[in-house]
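Please look at the structure below before reading on. The report then goes through some of its features one by one.

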Amino acid sequence: MAHAGVNTAALELAGVGHAYGARTVLSGIDLHLPAGRIHALVGPSGCGKTTLLHLVAGLLPLQDGTIRNGFARSACMFQQPRLLPWKSALDNIALGLKARGVPRAARHAQARDQARRFGLDDTALAQYPQQLSGGMQSRVALARALVLAPDLLLLDEAFSALDVGLKAELYRQLLAEQARRPMGVLMITHDLMEAVRLAHAVWVMAPAPGRIATGFRFDDAPAQRTDAQVYARTAGLLEDATVRASFGLDAPAPAAPLALAAVGGLRC
Amino acid sequence: MIGVVRTWLRGLPAYLWGGWGAIASLLLLLAGWEFASQWLDPLALPDPRTVLATLHGLLTDGNAWSELAITGRRALSGFALSLGIGSALGMLAGLSMTASMMARPWVTVLVGTPPIGWLVLAMLWFGASDGTPMFTVFVACFPPIFIGAMQGVRTLDGQLREMAQAFALPPLQRLFDLYLPHVLSYLFPAWITALGVSWKVVVMAELLATADGVGAALAVTRSQLDTAGSLAWIVAVVGALLAVEYLLLEPVKREVERWRTLA
């Protein structure tokens, strides 16, 4: 799985819009996601984040604008694990490989490899999803996406329903995978802190119709970020008038605004 | 396939052992029958030992086996036809909202038409051939199987379907890994119901329409006022149904649905 040279593939969205009937949920979305970067789309519920991700994943037909996906392989993780209840954890992880026509022995070996990195032992792999704890199920779901060695990983509120400890662990595993094999990651979340912790760029969406209101860049490596940094940046973002308006918060306290630049954030 | 047969054989002793409760309750029913027969005229209700002796006689002189085989062939071929066509059409109908809405009244008509009505039609169309009982069985078994298959497809979790699309599962894999396991949990109970229906209907059809098979034999015992003979045939048919259902279908169902019970 060695990637020779620089991967120049990218995901390019230009003027993407979508409407359910007469209700416009997305309009004029532009986005450029190069390989090896993690971009987060944050916004309140109902701002069209999930619709946007479904458009990128090809789960919805594109109505407006263009999406150019230069990545060869993409994989998805959803908010719910969405495992097949009649298949063992191992077979669930190997599902995407089976879809690619990888023979049984090879796909099981790859799935087992991936699972081991995630702390899933043979006992857990032999079990059916409903015998596993919620945390185990999430690990299986992430392993199912990552075993495909995707160039583009789409995360749809993938960590929202997990407790803090489990979130931290899955963040670590995601970033470790990202370090091992650079891939583009597009994640959507309503958790500003999660976006600030993981992403190189945070795009804040505003609702009705869903659009990108503003964006921020953080150029340091996500794996190096300390908790204190993450808190300071999140607080900095929450001082921003556009961000507050997007989430429907009251106008900011006009005291000395916290300079986001001082904690490493740049407005795009 | 060999694996399935092996697990079936391996699970059989424990499964049979678990059947003691059922056997005990059947024996209780037999005792009740014997008790009732002491008070009734043997022409109305012969005691079970006479009936079982008659059945034993029928089985040892060889007649019963051939009649049972004929009846079984008709019931099973009608059932198999229904199983294939009903499952396939039901699943197809489940895929489309319009098709399921259109199919529902048709199925209601099918369910509402009494089997005896179909039998009369079948006698007009197929005469005294095997086609009459087979067709009647087919029509009687079709609705539950069709409904089961349609419900199975319609109730499939939309999130799983989306997941399958996101992971680009090819059509065949989607069928075997996603649709069939889910649909089978609806189909199996429907198949078992239909199998019971097929046995009942085939005997009725034979009674009125054919010259051989268990139904025809029942017609003969009836005309000779041979209650013990009639009951012997009934016991034979019920026994055959129980054997097929509990020795074949039920263990297969347990194996296929193992994931469900382990939660």
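## The model and chain B

The model is a predicted one, and every value given here was computed from it.

Chain B contains 12 helices and zero strands. The C-alpha atoms of chain B fill a box of roughly 70 × 50 × 35 Å along the principal axes. Chain B has 263 residues, and 40% of them count as buried.

## The largest pocket

The space in the largest pocket comes to about 770 Å³. Its lining is made up of 25 residues. Those nearest the centre of the pocket are Ala22(B), Ile23(B), Leu26(B), Leu242(B) and Tyr246(B).

Which helices of chain B each supply at least two residues of this lining? They are helix H1 (2–17), helix H2 (20–39), helix H3 (48–60) and helix H11 (227–256). H11(B) gives the most, with 11 residues. By residue type, the lining of the largest pocket holds 20 nonpolar, three polar and two charged residues.

## The second largest pocket

About 610 Å³ of space lies in the second largest pocket. It is lined by 20 residues, and the closest to its centre are Trp86(A), Lys87(A), Asp91(A), Tyr128(A) and Val256(B).

Elements of chain A and chain B each supply at least two residues of this lining. From chain A these are helix H2 (89–93) and helix H4 (104–117). From chain B they are helix H9 (171–209), H11 and helix H12 (258–261). H9(B) gives the most to the lining of the second largest pocket, with four residues. The lining divides into 11 nonpolar, two polar and seven charged residues.

## A covered strand in chain A

Strand S3 of chain A covers residues 38–42, and five of its five residues are buried. Which residues point which way from S3(A)? Ile38(A), Ala40(A) and Val42(A) point one way, while His39(A) and Leu41(A) point the other way. The residues on both sides are buried.

S3(A) pairs with two strands of chain A. With strand S7 (residues 184–189) the pairing is parallel and runs over five bridges. In that pairing, His39(A) stands opposite Leu186(A) of S7(A). With strand S8 (residues 201–206) the pairing is also parallel, over four bridges. Here the bridge partner of Ala40(A) is Val202(A) in S8(A).

Leu41(A) is another residue of strand S3. Its relative accessibility is 0%, so Leu41(A) counts as buried. Along the chain, Leu41(A) and Val202(A) are 161 residues apart, yet their C-alpha atoms are separated by 6.0 Å.

Helix H6 of chain A runs over residues 134–146, which is 13 residues. At 1.5 Å a residue, this helix should span 18 Å.

Why is H6(A) described as largely enclosed by the rest of the structure? The reason is that 11 of its 13 residues are buried. Among them are Gly135(A), Gln137(A) and Ser138(A). The charged residues Arg139(A) and Arg144(A) are also buried in H6(A). Further buried residues of H6(A) include Val140(A), Leu142(A) and Leu146(A).

## Two threonines in chain B

Thr132(B) lies in helix H7 (residues 131–154) of chain B. With a relative accessibility of 0%, Thr132(B) falls under the 20% limit and so counts as buried. Its side chain reaches the backbone oxygen of Gly127(B) at 2.5 Å.

Thr210(B) is placed in a loop, the one between H9 and helix H10 (214–223) of chain B. Is Thr210(B) buried or exposed? At 11% relative accessibility, it counts as buried, because the limit for that term is 20%. The side chain of Thr210(B) reaches the backbone oxygen of Asp212(B) at 3.0 Å.

Terms used. Residues are numbered from 1 along each chain as its sequence is written. Chains are lettered from A and ligands numbered from 1 in the order in which they are written. This is a predicted model: local features need pLDDT of at least 70, side-chain atom pairs count only at pLDDT 80 or more; totals for chains, interfaces and linings use all residues. Side-chain values use heavy atoms; hydrogens and water are left out. On a 1 Å grid over the protein atoms alone, a cavity is a set of points where a 1.4 Å probe fits but cannot get out, and a pocket is an open set with protein on both sides within 12 Å along at least five of seven lines; lining residues have an atom within 4 Å of a point. Grid points are joined across faces, edges and corners, and a volume is the space filled by probe spheres set on the points. The expected span of a helix is 1.5 Å times one less than its number of residues. Buried means under 20% relative accessible area, exposed over 50%, partly exposed in between (1.4 Å probe, protein chains only). Two strands pair if DSSP finds at least two bridges between them. A polar contact is a pair of N or O atoms within 3.5 Å; within protein, one must be able to donate a hydrogen and the other to accept it, and residues adjacent in sequence count only if both atoms are side-chain atoms.
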